[in-house]
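This report describes a structure for a reader who has not seen it before. The sequence and the model come first, and the description follows.

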Amino acid sequence: MADPNQYLRLQLGETSYLLPSASGFTIEQREHLVINKSPDGPVAAWQSLRSQRLPAYCLDGRLQITRHDDWHRAVFLDATPHAVGLVVNEVQLVPRSETVVSPFTPLGLAPTRRGHLFSGAWVAGNRIVLVFDPKAFVAYLQSLGDA
Amino acid sequence: MKKSRTGPRLHSLEVPLDGITLLVPSAAVAEVINLQDMAPVPFSQPWLHGAIGWRTLAVPVISFEALLGTPVRAAPASGKLVIFYPLGGRKDWEFFAMFATGEPRPQVLDGSQPVAEGSELPDSPYIAAGLKVDGRLMLIPDLEALKKAFYP
């Protein structure tokens, strides 16, 4: 079970993001997933469960769909009606005591029906790591389709 | 042109942008800093260029030129970031920053500066008015319109 006092640091391309671990997640090794061998479609891999398969997407640093083979794990975020995943170059649990997250909301219209993708930022000097709003990020992943 | 008159002195900052100059109340500006690395904010509006770390906050950086719909060029090395206090009624951490092409300069207005004709102003909801200061057109942003764009 996820420790609510942690963040998950996700490396997507050259960019790191934080996800509050209280949102619930599981990490799966690549070898436990079914890789999408077709170069087409947004899904990089699936996690097969008894009655369904859960998609995992491959995103670049700008959160656009991409496809590459340089990943070893996928993070599946708890969601309704089913979990949704993304493959990551690197994933790390960061204790909240090691981060100072300030509130941050992007300006302008929100890109998802659940609002803006980010709700905070970890600022260390001039370096910023944006913190996902879990509900909005899940909504974004779910909007990517499963074809 | 409207009749000039003098009145209370208003301390303002002249903020040079690409092809236009803004005039903003000095009290609205928290700090002017050098350009620095920005974190991109995926899926943001075209006028939101990213966020910078300032003090302990992440501050969104806008291009006013992009809000006006004019083409945006790369900021010159001498450019600055003007950090504004949160707009009225917003939370106390909601600072925002704007690209400027150079160092803002103080201007003291006393009401004697002629008001620009509407035909001299860009056709944009984000411009409230214009003043002629020493013969130069300076545009006054409509902060209420900005607030509606920022926080729809």
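Two residues are in contact if their C-beta atoms, placed from the backbone, lie within 7 Å. Leaving aside neighbours within four places in sequence, Val131(A) is in contact with Leu18(A), Pro20(A), Val101(A), Phe118(A), Ser119(A), Gly120(A), Ala121(A) and Trp122(A). Between Val131(A) and Ser119(A) there are 6.1 Å in space, C-alpha to C-alpha, although they are 12 residues apart in sequence. Val131(A) is buried, with 24 other C-beta atoms within 10 Å. Here a residue is buried if 20 or more other C-beta atoms lie within 10 Å of its own, exposed if 12 or fewer, and partly exposed in between, with C-beta atoms placed from the backbone.

The model is predicted: local features need pLDDT of at least 70, side-chain atom pairs count only at pLDDT 80 or more, and totals for chains, interfaces and linings use all residues. Residues are numbered from 1 along each chain as its sequence is written, while chains are lettered from A and ligands numbered from 1 in the order in which they are written. For the complex, the predictor gives an ipTM of 0.86 and a pTM of 0.89. Chain B has an average pLDDT of 91, and 96% of its residues score at least 70; pLDDT is the predictor's confidence in each residue, from 0 to 100.

**Sheets**

Strands (E, at least two residues) and helices (H or I, at least four) are DSSP runs, numbered from the N terminus. Two strands pair if DSSP finds at least two bridges between them. Val131(A) is found in strand β12 of chain A. In chain A, an open sheet of six strands has the order β9-β1-β2-β12-β11-β10, with mixed pairing. Its edges are β9 and β10 of chain A, each with a single partner strand, so one side of each is left without a neighbour in the sheet. Of the six residues of strand β9 (residues 90-95) of chain A, the number buried is zero, so this strand lies largely in the open.

In chain B, five strands form an open sheet in the order β3-β6-β7-β5-β4, and the pairing is mixed. Here β3 (29-34) and β4 (48-54) of chain B are the edge strands, each pairing on one side only.

| Strand pair | Bridges | Residues standing opposite |
|---|---|---|
| β1(A) and β9(A) | six bridges | Arg9(A) and Gln92(A) |
| β6(B) and β7(B) | five bridges | Ile83(B) and Ala97(B) |

**Core and interface**

In soluble globular proteins, nonpolar side chains tend to be buried together. A nonpolar core is a set of buried Ala, Val, Leu, Ile, Met, Phe, Trp, Tyr and Cys residues joined through C-beta atoms within 7 Å. The largest one has 78 residues, and those with the most contacts inside it are Ala56(A), Ala121(A), Ala51(B), Val59(B) and Ala97(B). Beyond its neighbours within four places in sequence, Ala97(B) is in contact with residues including Ile52(B), Val59(B), Leu81(B) and Phe84(B).

The contact between the chains takes 20 residues from chain A and 22 residues from chain B. On the side of chain A that touches chain B, the elements giving two or more residues are β10 (101-103), β11 (118-124) and β12 (127-132) of chain A. By class, that side has 14 nonpolar, four polar and two charged residues. Ala, Val, Leu, Ile, Met, Phe, Trp, Tyr, Cys and Pro count as nonpolar, Asp, Glu, Lys and Arg as charged, and the others, Gly among them, as polar.
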